[in-house]
Amino acid sequence: MRVGIDVGGTFTDFVLLDDAGGRIETYKCLTTPRDPSDAIEAGLHALEAQAPGCIAGLEEVIHGTTLVINAIIERKGACTGLITTQGFRDVLELGREIRYAAYDVFAEMPEPLVPRQRRLEVNERLRADGSVLKPLDEAEARAVARALKNLRVESVAVCLLNSFENPAHEQAVKRIVAEELPGASVSISYEVLPQIREYERTSTTVTNAYVKPLTEKYLRRLEARLAGIGFHGRLFIMLSSGGVTSAGTAAEFPVRIIESGPTAAVIAGQYFSHLFELPEMFCFDMGGTTAKSCLIQGGVAGIVPTFEVGRVQRFMKGSGLTIQVPVVDLMEIGAGGGSIARRSKLGTLQVGPDSAGAEPGPICYGRGGTLPTVTDADLLLGYLDAEYFLGGTMKLDLEGAKRGIEEHVAKPLGVPFMEAVWGIHDLINETMAAAAKTHIAERGGNPHVVTVAAFGGAGPVHAWGLARKLGAPRLIVPPNAGVGSALGFFTAPRAFDLVRSHKVPLASADFPEIEKLFHTLETEGERTLRRAGAEGRIEFARSIDARFIGQGSETNLAVPTGDFATLDRNDLRRRFDAEYERLYGRTYPESPVEFVNFNVRASLPVKLLSLPKLARRPNAKAADAIKGQRRAYSGLAHEFISHTVYDRYRLAPGVDFGGPAIVEERESTVIVGEDGKARVDEYGFLWIESLGSGSSVPE
Amino acid sequence: MALGIRNLVKRLPPEAFRPGDIYITNDPWALAGHLNDVCVLSPIFHRGRLVAFTACILHHSDIGGRVSSDNHDVFEEGLFIPLVKLYDGGQLNQGVLDMIRANVRTPEQVNGDIRSQIAANHVCAEQIAKMLEEYRLESLDELADEIISRTEASLRESIARAPSGVYRAEGRIEQTEGSPDVLIKCEVTIAGSDIQVDLTGSSPQVDWSGNVVYNFTYAYVHMAVKSIFDSELPNNDGTAAPITLVAPEGTVVNCRHPAAVAARMQIGHFLTEIIYRALADALPHRVVAASGGTPATMQVFYGRRGSGEPFHAVLIRGGGMGAGAARDGEGSFIFPANGANTPVEILESDSPLIVERRELLPGTGGAGKCRGALGRREVFRVPDDQYAPLPPVQLAMQSGRFRLPAEGLFGGEPGAKAQFLVNGKSGNPYGLTRLKPGDVVVMDSAGGGGYGNPRERDPAAHARDLAEGKVKLGSDSLVPE
């Protein structure tokens, strides 16, 4: 038996999977921010009550957590010091010297995690090729370590210029720091991620150092508590890159688990796309505050080398701290059930990107919210049932929502009430569709062939409208959409991604030397996995980040495993051009190409997951699951029409029904438009296809 | 750009455009102010009707000519492409392309860049047509009018809330050693929801490449107005409508052909801060003091490695932002333009140069109730060991603030000046510098101006500056040693 535990900002979700029995149990409780392991222990006890004996029988606990990201956002990490090359203490503060808001002269920049007085320099210098220009002054390094000790530094980051080509100086500094500050933890850039570009690498190393002590402490405590309640299996932590790793490795490199939580949905999406053989899938997870999406091509989600955390302006690219570690290619935009609707400065309707969140939440929650939100509109459109929200455990305030939209949207805009209500729903769909189209196009995909997979509380409510705007032919909604994403914990491979920069032109690269480099990375990857207790054959996937000489960014190119020295230079060049052309529509075969980063993913084969199937019911009809009829708004007819309401839990495998329909389950509601057709498969997934053609058309 | 394109397409009757036509030009007076900015312009047709134009301007790193700021006319500065058809009804005009390729040093790169511009226009045209299809529109006119008029109304509302009046400021901009400073006279009139910027009385055009065409002047006047009144508005004709610009022809802010224009940012970028200064009394909370990142600074190092292999490294770098009424200047940036620096590790792998320092310069931010941001130092060494390049290594640059610092506002002090040293001695930043192995170049960018009386500075903020080493202990000196 395995259990996946996702500690989110508001809720901690549990999914217990009995591989042998093909059974799933779920549980949800409030997160305990002071010590998240409180909720974990309580939740496991609750699961034990649901499935007696489950804790003792557990082989694996797979854990995703927002602990690290919250510590960064709330600035609750360790007192951190930085040791860097003489002349470069301000790299962390200078950043890339670009203003993220071109017209805003008051745009605030993120405060560096290490202030200037704790950024100290050592005399040493490596050249770009890794050779030593100035040897490390060890006596000075020792003095610097002592100075950090006097500054009460608890965690030390070491990032020296050009160290990705030669770790000797960083390793020496690490040894000295360990001697001088035996209690402090140390993060050196060569071990965190040896990639070219000093600002990005320094920022990443510093962030790792900043969260390392608290992550170590938390994971140690969690292991002890799990052991205390009789758990004898192994603890795994979800990585931002979509693999899982041991608690030990996560504690060493906490910067790799920042996006631990949201990644699970993507991994679940990957699994579904394999299971159903859907080559192009667009995962769409819409919650209260944001919508997160990801394109899965050929069963694989993209990995990007860098992302930002702790943005000063949440949806402004460039306003956060840069983290250069592999991360699943997620797109996040400010579109959720709590997104606030208002009249914009231009006198038009604006929805989001700010959100009423869970507190105070939408007006209809009746918890003090006064600004109308997407959820308020969804309620008034008839998509949500005021009496059956969260399975009826929360009554919704219809009148309040009405007043809010009338007062804050319809009146200020001077439009009829229903136009305002529908406008809110339709505009947030439009916002998501526009972002999705860009995301898909940038990855060389085509929105007209993707299958949309909807997750999250608000996802299934908006998926129909989104799919139409994308021109996507098909939509799937897994059962328990909230839990659907947590299934990703069970399908994530035990994997570790390694990167090493080595900038060299393709034309003159020494291929046997590159083979050595790849081999070193693979050995290191194997060691990391073995240290975490991995048995069995380890698989390696190699790729190179390459670019035209002089270009500012790189294109990832998968390369075959096996001796690199035997590869054909021209063939590699052709592969690069093919990939570049796929992404950007054209290529420039006459422009020389260079290699920048060499990547290896070391992984164990994924343990197969067999999704539990629904019990077959001969002669079952969709009509058996009908709860009644409800008038809900049709975006096509522009009026309220009668929708058939189905109870998702009573829908038997194999049945089908047509729109207009509303399918209700505890945590979410699925909308099927009048020209849609839905089918329930053996796993309880809803498959919805539109009979209409393409996108919705306003009057 | 919008201004330029509108005037360009008016030169031809609408019926002159056919599907598949693609025009190209780099006329500095018609568009973006110097020859490197090449524009590719395409008409967009929908159901056989001309519905819009799309244009893409890209700064080409090479357009031929003599690359330096001390040219005397535009003919020296490279290839001038008037508005010509690159494609005629879908057919490539090979002669035009050959002409361009024959006049530049890196024909492959220029060709690749032009092709990427064509691709960008193609994508834009395709998406516009798709949108028209999706919303069943015959043309964009009604939609565009709606967006533009709402934007205009919003900006006007914001301008109308400012106190009407006539506000004046002057700016002095340094030139090459021995030449008098350039004077910009600026009179800003806010009348209801209209704003007029009159630059009458500014210096006549100059004998080097700092001249600014009307469009470029307009762009940085627009930047000032938009950033003051509403930085979040979308960019369209609506944000331009309330602004009137008066810039007499023959002055440095509206130069006549064939003035040299390549380094137009060295003067043009100052327009934004001069307008801020003019409006500071009327709108003290909306403006910032002058910035060390004005004008944008660019250095180009080029030469050959020891192996004979050529290198060419273009670097831009920021200076300290000016302070505002409520906040210290924050960050080292180019302002009012924008752009990212080149990582040291990338520069060192692309060239033989060694960067010895890239760091903030304590004490360079102008003192004030709010302090200007610090300037920064970068030190380059040309290696003289086995990694030495072949002499000479050429260094060309565009920069400023060597003699005249970024001024403060309301009693705030100026930031420290920029500095350019070669082997410890002042170099000539306005000429081409020849370096040899062993040479060390120091580039200090200017600090930002302070805002308000330094005596009113919050002691806690000052203590923090001291702890971080951003100001110097017991010293009012703003000049770095």
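Two strands are said to pair if DSSP finds at least two bridges between them. Helices (H or I, at least four residues) and strands (E, at least two) are DSSP runs, numbered from the N terminus. What you see here is a predicted model, in which local features need pLDDT of at least 70, side-chain atom pairs count only at pLDDT 80 or more, and totals for chains, interfaces and linings use all residues. Residues are numbered from 1 along each chain as its sequence is written, while chains are lettered from A and ligands numbered from 1 in the order in which they are written.

**View 1. Strand 26 of chain A and its two partners.** Strand 26 of chain A pairs with strand 27 (residues 555–559) of chain A in the antiparallel sense, over 5 bridges. Look for A:D545 opposite A:N556 in strand 27 of chain A. The hairpin of these two strands has 6 residues between them, and A:G550 there takes a positive phi near 95°. Strand 26 (residues 539–548) of chain A is also joined by 10 bridges to strand 28 (residues 593–603) of chain A, again running antiparallel. On that side, A:A541 stands opposite A:R601.

**View 2. Strand 2 of chain B and its neighbours.** Strand 2 (residues 37–46) of chain B has 9 of its 10 residues buried, so it is largely enclosed by the rest of the structure. Here a residue is buried if 20 or more other C-beta atoms lie within 10 Å of its own, exposed if 12 or fewer, and partly exposed in between, with C-beta atoms placed from the backbone. Strand 1 (residues 22–25) of chain B runs antiparallel to strand 2 and is joined to it by 3 bridges; B:I24 stands opposite B:V40. Strand 3 (residues 49–59) of chain B, also antiparallel to strand 2, is joined to it by 10 bridges, with B:V38 opposite B:L58. Strands 2 and 3 of chain B form a hairpin with 2 residues between them, where B:R47 in the turn has a positive phi of about 50°.

**View 3. An open sheet in chain B.** In chain B, 4 strands form an open sheet in the order 11-10-16-19, with antiparallel pairing. Strand 11 (310–317) and strand 19 (433–435) of chain B stand at the edges with a single partner strand each, so one side of each is left without a neighbour in the sheet. Strand 10 (residues 297–304) and strand 16 (residues 390–398) of chain B are joined by 6 bridges, and B:Y302 has B:Q394 as its bridge partner.

**View 4. Where chain B meets chain A.** In this view, 45 residues of chain B are in contact with 44 residues of chain A; contact means that the C-beta atoms of two residues, placed from the backbone, lie within 7 Å. Elements of chain B that give two or more residues to this side include helix 3 (107–134), helix 4 (141–160) and strand 14 (354–360). The largest share, 6 residues, comes from strand 14 of chain B. The predictor gives the complex an ipTM of 0.92 and a pTM of 0.90.

**View 5. The end of chain B, residues 475–481.** Over residues 475–481 of chain B, however, the pLDDT is below 50. Where pLDDT is low, the predicted coordinates should not be read in detail.

Definitions and conventions:
pLDDT is the predictor's confidence in each residue, from 0 to 100.
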